[in-house]
Amino acid sequence: MRIREITLQPFRNFSELRLQFDADRILIGGANGRGKSNILEAISYLSIGKSVRGAQDVQAVPHNGQYFDIRAVCGDGPHHHQLRLYFGNQEGKRIFCDGTPLPRIADILGIFKTVHFSPEDVALVMRFPAQRRRLLDILISQTSAPYLHDLQQYQRVLAQRNQLLKMSRGTLRESEAQALDAWDRQLARFGARIRFRRLEVLAGMQAAMNRYYALLSGHREKAGLCYEYSASMNNDPAPAEEQLCADLEQELRGRRGSELHLGHTRCGSHRDQLVFTLDGHPADAFASEGQMKTLLISWKLTETQVLAGETGQNPVLLLDDVFSELDSQRSAALMELIGTCEQVVLTSPKRPDGPLGAGFSEIWLDG
Ligand SMILES: Nc1ncnc2c1ncn2[C@@H]1O[C@H](COP(=O)(O)OP(=O)(O)OP(=O)(O)O)[C@@H](O)[C@H]1O
Ligand SMILES: [Mg+2]
């Protein structure tokens with residue numbers, strides 16, 4: 001998968017920018033605040049339909065502007081698509097593929113695949129469980145439309161269930177108890193599918209994650225991934241989906257009394273934890289900054305493998321300011337590892353110390 005050109009007219013600080021990407025190794029350079037991260041954000045907008053930074057669409061509209069408009073030519077081998085994402089303060093978001101409007105925003109997922117790394121994510125991902133779930137959900141949604149559908153259904157059922165719990169104020173009438181039973185069954189069904197898929201994908205990521213971390217760190221520590229959820233006490237590393245469903249339904253029943261008092265749902269896939277470990281210890285509590293960064297880079301490199309394996313298409317790797325704070329050994333190891341990617345777009349506020357390697361094309365925003 002490759003991006004050949006992008007036009008921002010406008011997007012954030014760019015009123016008009018057109019870039020051609022003739023090479024498969026691209027360095028976008030420029031002083032702080034010139035818009036390097038904004039360009040990578042715009043590229044990934046075309047991949048996931050929303051801001052990879054978690055920003056609201058309206059925040060990407062230029063100050064005092066009314067809309068943003070991102071157009072690009074992206075392709076896989078000889079097949080090219082013109083992708084366009086338009087957001088207007090009045091009109092909302094519209095997506096077009098080869099000039100045809102897509103019925104739903106989610107339909108853009110899977111057309112143009114990217115993996116995005118930014119140093120801002122390191123602290124977020126390591127500190128907040130919700131961000132780690134998001135990481136996993138964005139990855140799996142790019143390979144599976146049914147997964148995204150399950151996530152949306154789960155959120156819908158969860159919201160309804162929480163509303164019922166809140167309104168009940170601790171006690172339920174007969175009809176409300178029946179309604180809650182129905183929500184429990186649905187939540188368990190969607191929650192089990194989500195857990196099953198997450199466990200499956202993570203199991204397939206372990207070995208690659210481990211290998212990338214070892215190569216980047218010079219085999220200093222051993223990285224691992226684990227997925228914790230309340231019913232995982234039974235210690236089955238690969239439970240069947242039916243089992244997960246039965247366990248979750250049972251847990252929802254068991255907690256009903258306390259959830260009625262609290263007024264919200266305390267168990268299910270929205271509370272599960274993806275944990276990064278180093279030598280078996282949770283990284284969020286023990287890893288150094290450089291180790292956390294190395295963990296997230298290893299995860300992102302592993303993501304490229306998952307996407308390629310699941311879809312047969314290599315994603316474009318977008319690495320925002322990746323070399324800052326990495327020692328020279330890790331930077332050199334990373335340069336070697338990205339050599340196998342189909343297309344990589346790097347940003348840096350200054351020219352990297354070592355040679356960039358063959359085939360790199362440089363774009364400097366300073367003009
Ligand atoms: N909606 C917006 N409208 C106008 N300008 C914006 C908007 N959002 C962000 N900016 C501007 O974009 C610039 C930041 O761009 P960006 O984060 O891409 O910089 P950068 O080149 O990655 O810098 P650094 O090297 O510091 O990471 C800032 O000047 C910021 O004020
Ligand atoms: Mg930046």
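**Entry 1: the domain interface**

I searched the interface of domain 1 and domain 2 for salt bridges, and the rule finds 0 there. This is a predicted model, so I read every value below as computed from it. Next I looked up where the domains run. The domain assignment gives domain 1 as 1–113 + 316–367 and domain 2 as 117–312. I took their centres over C-alpha atoms and got a separation of 28 Å. The contact draws on 27 residues of domain 1 and 26 residues of domain 2.

Then I turned to area. The size of an interface is often given as the accessible area lost when the parts come together. Here about 2100 Å² is buried between domain 1 and domain 2. Carbon and sulfur atoms give 61% of that area.

**Entry 2: salt bridges elsewhere**

I widened the search to the whole structure and found 28 salt bridges. Side chains of opposite charge can pair when their charged atoms come close. I picked out one pair, Arg2 with Glu342, whose closest N and O atoms are 3.3 Å apart. Arg2 sits in strand 1 (residues 2–8), while Glu342 sits in the loop between helix 10 (328–337) and strand 13 (343–348). The pair therefore ties together parts that are 340 residues apart in sequence.

**Entry 3: helix 5 and helix 10**

Two packed helices are described by the angle between their axes and the distance between the axes. From helix 5, the residues in contact are Tyr212, Tyr213, Leu215, Leu216 and Ser217. They meet Gln329, Arg330, Ala333, Leu334 and Leu337 of helix 10. I sorted the residues of this contact by class: 7 nonpolar, 2 polar and 1 charged.

**Entry 4: helix 2 and helix 3**

How do helix 2 and helix 3 cross? I found that the axes of helix 2 (residues 119–127) and helix 3 (residues 129–143) come within 5 Å and cross at roughly 110°. The two helices are therefore roughly perpendicular to each other. On the helix 2 side I listed Leu124, Val125, Met126 and Arg127. Their partners in helix 3 are Pro129, Gln131, Arg132 and Leu135. This contact has 5 nonpolar, 1 polar and 2 charged residues.

Most residues other than glycine have a negative phi, and most peptide bonds are trans. I looked for exceptions. A cis peptide bond joins Gln9 and Pro10, with omega about 0°. Pro10 is in the loop between strand 1 and strand 2 (17–20). Asn64 has a positive phi, near 65°, though Asn64 is not a glycine. I placed Asn64 in the loop between helix 1 (36–48) and strand 4 (67–76).

**Entry 5: Lys93**

Last, I looked up Lys93, which lies in strand 6 (residues 92–97). What does Lys93 touch, leaving out residues up to four places away in sequence? I listed Gly49, Lys50, Asp57, Leu85, Tyr86, Phe87 and Ile105. I also took the distance to Asn210, which is 117 residues from Lys93 along the chain. Their C-alpha atoms are separated by 39 Å.

Terms used:
Residues numbered from 1 in each chain as written. Chains lettered and ligands numbered in written order. Predicted model: local features only at pLDDT ≥ 70, side-chain atom pairs only at ≥ 80, totals over all residues. Heavy atoms only, no water. Axes fitted to C-alpha atoms, helices over the stretch in contact; angles between N-to-C directions. Helix = DSSP H or I, 4+ residues; strand = E, 2+ residues; numbered from the N terminus. Parallel < 35°, antiparallel > 145°, perpendicular 65-115°, else oblique. Contact = heavy atoms within 4.5 Å. Nonpolar A, V, L, I, M, F, W, Y, C, P; charged D, E, K, R; others polar. Domains from an automatic or database assignment. Buried area = accessible area lost by both parts, 1.4 Å probe. Salt bridge = Lys/Arg side-chain N within 4 Å of Asp/Glu carboxyl O.
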